[in-house]
Amino acid sequence: YAPPFENVRIRKYDSRFARRAARIVTTPVNYPDGGRGGHAFVNWWKEFAETHPDFFEEVNGKRNPRMGASMCVANPAFHAEIVRRWKEARAKKPGTVFSINACENDTRGRCSCPMCTAWNDPEADADDASERYAHFYKALYELAAKDDPSVRVYGYAYSNYVNPPRLLKLPENVCIGFVPSPLFPYDEESRAKVLGKIHGWQKAGCTLNYRPNVLDGYAMPEDISTDFYTEFQEMLKAHMKAIDIDGP
């Protein structure tokens, strides 16, 4: 029996639940920082607020190196540091396959510096950073691929960068965790938009992973089984490779 997914993570449950109830075997992805994925740069402000404020968002002409800030994802120096850490981890453990976690912090992409805004889709809404983040993931892959073309770069389609890129095609080794976060009520119109975004990301050429956020209300006594099922089936058709479920 060959399980259809490379990796399945059901958060807040013991891994034995995943094995027995979901009938899967989880193959963890290895990252240089030792984490299991999720938002990649949560603690970077502690290390780089003083030495590299340019790694962080520029808002109203001023860099904002603080906890919870978004990153300056078009900055080549930022890319170089991410890949340097990946190279360092490979050198320390040459028998381990390491991937690159490029998932933005749990916030909107807010950087307004000229480098980042130049990567935006000129036909999209001013706040839409989707094309920018697609450029970011591709740039990281191309830089790391000089050392290892098989490297994988993991990113999110989330918040104000959830839309598929209109102009850019992505390599298959860019793995996008699609995070649909429709607001309550999740009606037919909202669902249709989510399914359209799944198709768009598939056309972009990347590998898709399913990272559902259909529990946006969390405390709401809402039955999301139909929404989850519908998204899941569309992600299957899009050949998703992994699942990461939060707060089931």
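A residue is called buried under 20% relative accessible area, exposed over 50%, and partly exposed in between, with a 1.4 Å probe and protein chains only. The model is predicted: local features need pLDDT of at least 70, side-chain atom pairs count only at pLDDT 80 or more, and totals for chains, interfaces and linings use all residues. Residues are numbered from 1 along each chain as its sequence is written, and side-chain values use heavy atoms, with hydrogens and water left out.

**Exercise 1. Assign methionine 115 to its element and accessibility class, and list its contacts.**

Step 1. Helices (H or I, at least four residues) and strands (E, at least two) are DSSP runs, numbered from the N terminus. On this basis, methionine 115 belongs to helix H4, residues 114–118.

Step 2. The relative accessibility of methionine 115 is 35%, so the residue counts as partly exposed.

Step 3. Contact means heavy atoms within 4.5 Å. With neighbours within four places in sequence set aside, methionine 115 contacts Cys72, Ala74, Asn75 and Pro76.

Step 4. From methionine 115 to asparagine 163, the C-alpha separation is 20 Å, and the two are 48 residues apart in sequence.

**Exercise 2. Describe the largest nonpolar core and the surroundings of phenylalanine 136.**

Step 1. A nonpolar core is a set of buried Ala, Val, Leu, Ile, Met, Phe, Trp, Tyr and Cys residues joined through side-chain atoms within 4.5 Å. The largest one here has 61 residues, and those with the most contacts inside it are Trp44, Phe78, Ile100, Phe136, Tyr137 and Phe178.

Step 2. Helix H5, residues 130–144, gives the most to this core, with seven residues.

Step 3. Not counting residues up to four places away in sequence, phenylalanine 136 touches Phe41, Val73, Phe78, His79, Ile82, Ala102 and Trp119.

**Exercise 3. Characterise the packing of H3 and H5.**

Step 1. Axes are lines fitted to C-alpha atoms, for helices over the stretch in contact, and angles run from 0 to 180 degrees between N-to-C directions. Helix H3 (residues 76–92) packs on H5 at an angle of about 50°, the axes being 10 Å apart.

Step 2. Angles under 35 degrees count as roughly parallel, over 145 as roughly antiparallel, 65 to 115 as roughly perpendicular and the rest as oblique. H3 and H5 are therefore oblique to each other.

Step 3. From H3, the residues Phe78, His79, Ala80, Ile82, Val83 and Trp86 meet Phe136, Ala139, Leu140, Leu143 and Ala144 of H5. Sorted by class, this contact of H3 with H5 has 10 nonpolar, one polar and no charged residues, where Ala, Val, Leu, Ile, Met, Phe, Trp, Tyr, Cys and Pro count as nonpolar, Asp, Glu, Lys and Arg as charged, and the others, Gly among them, as polar.

**Exercise 4. Locate asparagine 60 and serine 159, and state phi for each.**

Step 1. Asparagine 60 lies in the loop between strand S2 (58–59) and strand S3 (62–63). Its phi is near 55°, a positive value in a residue other than glycine. With a relative accessible area of 77%, asparagine 60 is exposed.

Step 2. Serine 159 occupies the loop between strand S5 (153–157) and strand S6 (174–178). Although serine 159 is not a glycine, its phi is positive, about 50°. Its relative accessibility of 29% makes serine 159 partly exposed.

**Exercise 5. Is aspartate 244 buried or exposed, and which residues does it contact?**

Step 1. Aspartate 244 is part of strand S8, residues 242–245, and at 15% relative accessibility it counts as buried.

Step 2. Apart from neighbours within four places in sequence, aspartate 244 contacts Arg9, Arg11, Tyr210, Arg211 and Pro212.
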